[in-house]
Amino acid sequence: MTNHHDLPAIIAPSLLSCDLANIDRDAAQMLKMGADWLHMDIMDGHFVPNLSFGPPVIASLRKAQKEAFLDCHLMVSEPMKWVGPLAKAGASSLTFHVESDMPEGGLKSLIAATKEKGMKVGLTVKPKTPVEQIFEYADDIDLVLIMTVEPGFSGQKFMADMMPKVELLRQKYPKLDIQVDGGLSPSTVDEATKAGANVIVAASAIFGSEDRAGVIKTLRQSVEKHGNGK
């Protein structure tokens, strides 16, 4: 079954897999090669064991790439603490895990605080968390991210058994951006786009390729073919 939609294809290379000593060079290359967003994995070493980007890196990248859409996925224990610093740094969008520790007022207050700072907001669930936990907030957010690996490390194998979550979301919310992240490549992307995903995060598949532009093009064509029938 194909889950059609009229949303644009959005390709978001994950800079966690770039040459971190040359992050601006690789970011500029991705945008030149047709990427729509730059996906930034914010890890605090608590919610996930790995430690990655924080506000200083986002601020430096924003200074270098003034027009780029910086799509930040927060794998952090206390997300409210990060809203102000990331807004100040220049983040475009923040995606929160429903499994994180919530502030007083819960997810609704976290969503409101993010919007008040002028950023877009997304929600995400780990593979073992039911996607239904997002439903009550869907009308207040811009994006849902379905993790197709366990969050925290790049290079894991794509979990095709997460696609029913994507299908359910697409059928219930036809106008919502649905992002997939984890193990996406030219060989796995069709499963995600047939399920209804329109925002594709790819890391190793792009940065490990001899033809990075070709991979970005292939990912985009999959969304267009299976999502909106172009």
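Visitor: Leaving aside its neighbours within four places in sequence, which residues is S100 in contact with?

Guide: The model is a predicted one, and the description that follows is a reading of that prediction. Once the neighbours within four places in sequence are set aside, the residues in contact with S100 are F47, V76, S77 and P79. S100 itself sits in the loop that runs between strand 4 (93-97) and helix 4 (106-116), and because its relative accessibility is 7%, under the 20% cut-off, S100 counts as buried. One of the contacting residues, F47, lies 53 residues from S100 in sequence, yet the two C-alpha atoms are 7.4 Å apart in space.

That contact can be set beside the figures for the protein chain, where, among contacts between residues at least 6 apart in sequence, 67% join residues at least 24 apart. The protein chain has eight helices and eight strands, and buried residues make up 57% of its 230 residues. Its radius of gyration is 16 Å, which agrees with the value near 17 Å that a compact globule of 230 residues would have, while the C-alpha trace spans about 40 × 40 × 30 Å along its principal axes.

W37 and F69 form a stacked pair, with 4.4 Å from centre to centre and 20 degrees between the planes. This pair joins the loop between helix 1 (23-32) and strand 2 (38-43), where W37 is found, to the loop between helix 2 (55-64) and strand 3 (70-75), which holds F69, the two residues being 32 apart. W37 is buried, with a relative accessible area of 11%, and F69, at 19%, is buried because that value still falls under the 20% cut-off.

In the other pair, the ring centres of F135 and Y173 are 5.9 Å apart and the planes stand at 65 degrees, so the arrangement is edge-to-face. Here F135 belongs to the loop between strand 5 (120-125) and strand 6 (143-147), whereas Y173 belongs to the loop between helix 5 (163-172) and strand 7 (177-181), 38 residues away. Both F135 and Y173 are buried.

As for the surface, the protein chain exposes about 9900 Å², with carbon and sulfur atoms supplying 51% of that area, and the mean positions of its 24 positive and 29 negative charges are 4 Å apart.

Notes:
Residues are numbered from 1 along each chain as its sequence is written. This is a predicted model: local features need pLDDT of at least 70, side-chain atom pairs count only at pLDDT 80 or more; totals for chains, interfaces and linings use all residues. Side-chain values use heavy atoms; hydrogens and water are left out. Helices (H or I, at least four residues) and strands (E, at least two) are DSSP runs, numbered from the N terminus. The radius of gyration is taken over C-alpha atoms; the globule rule is 2.2 Å times the number of residues to the power 0.38. Buried means under 20% relative accessible area, exposed over 50%, partly exposed in between (1.4 Å probe, protein chains only). Contact means heavy atoms within 4.5 Å. Accessible areas come from the Shrake-Rupley method with a 1.4 Å probe; for residues, only the protein chains shown count as cover. Lys and Arg count as positive and Asp and Glu as negative; His and the chain ends are not counted. The place of a charge is taken as NZ of Lys, CZ of Arg, CG of Asp or CD of Glu. Rings of Phe, Tyr and Trp (its six-membered ring) pair if their centres lie within 6.5 Å; planes under 30 degrees apart count as stacked, over 60 as edge-to-face and the rest as tilted.
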